[in-house]
Amino acid sequence: RDLSVSQARSIPNISIRKKHERGFYGHSTINHSYNLKSINGDKVVIDNATGLMWHQSGTGCVNRKESKEWIKKLNKRRYAGYKDWRLPSLEEAVSLLELHKKNSDLIIDPIFSNKQDGIWTGDTKNGSETAWSVGFSGRVYWNYNAPGICTDARSVRSLTIREEKEQAEAARVCRKAADQGHAKAQCDLGT
């Protein structure tokens, strides 16, 4: 999807703290409900509020072409049993931004790895060679898509309706068990 700076600033469920020429600083207004799971030894984070399943960590510093190649490899090996992984849209990536620092110096929930300080998105700026990135400092900006420019990548997939229902039921059971004083750690890993 192609987005101008003004379209990026119009994404729903965000609060913009400061605008800048290449984007803005802000955070998500979504009240997340995250669950960490290990599926076939692969760690994923399920966000029951958005219906998304995220790779718990991601890559190191890669250019955009390399991030797309990494996604292809995840799908080929069926990471966590799925082959529909992709780079997130700008809206999905911005949804990860928290109001305050929660994970070291990053404004991302500590359920995610803190080794990535930002991620590529699948969205471009006005059909150009520039792509949108989200920094976990709260900076949302377009980034040059050139060989020497790199940031990290984190894959995402949308849950199917069936999966969303299963995850909602699992979360409900876990909350009930936690309310009754049972070990919550069993709920977090879902293995």
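A disulfide is a pair of cysteine sulfur atoms within 2.5 Å. By this rule, the count in this predicted model comes to one disulfide.

Q: Why is the link of Cys61 and Cys150 called a disulfide?
A: The sulfur atoms of Cys61 and Cys150 are 1.8 Å apart. The cut-off is 2.5 Å, so the pair counts as a disulfide. In general, a disulfide is a covalent bond between the sulfur atoms of two cysteines.

Q: Why is Cys61 called partly exposed?
A: Its relative accessibility is 47%.

Q: What makes Arg1 and Asp123 a salt bridge?
A: Their side chains meet at 3.5 Å, N to O. The limit is 4 Å, so the pair qualifies. This pair links distant parts of the chain, 122 residues apart. Arg1 lies in the segment before helix H1, and Asp123 lies in strand E6.

Q: How do you know whether Asp123 is buried or exposed?
A: Asp123 has 3% relative accessibility. Buried means under 20%, so Asp123 counts as buried.

Q: Why are Glu92 and Arg86 said to meet in a salt bridge?
A: The N to O distance is 2.7 Å. That falls within 4 Å, so the term applies. Glu92 is buried at 14%, whereas Arg86 is partly exposed at 27%.

Q: What makes Glu98 and Lys102 a salt bridge?
A: The pair meets at 3.4 Å, N to O. Again the limit is 4 Å, so the pair counts. Glu98 is buried, with a relative accessible area of 11%. Lys102 is partly exposed, with 46%.

Q: How many salt bridges does a search of the whole structure find?
A: The search finds five.

Q: How do you know that E3 and E4 pair?
A: They share six bridges, in the antiparallel sense. Pairing needs at least two bridges, so E3 and E4 pass. Lys37 stands opposite Val44 in E4.

Q: What do E3 and E4 form, and what lies between them?
A: They form a hairpin, with two residues between them. Asn40 in the turn has a positive phi of about 55°.

Q: What makes strand E3 mostly covered?
A: Five of its six residues are buried.

How values were computed: Residues are numbered from 1 along each chain as its sequence is written. This is a predicted model: local features need pLDDT of at least 70, side-chain atom pairs count only at pLDDT 80 or more; totals for chains, interfaces and linings use all residues. Side-chain values use heavy atoms; hydrogens and water are left out. Buried means under 20% relative accessible area, exposed over 50%, partly exposed in between (1.4 Å probe, protein chains only). Helices (H or I, at least four residues) and strands (E, at least two) are DSSP runs, numbered from the N terminus.
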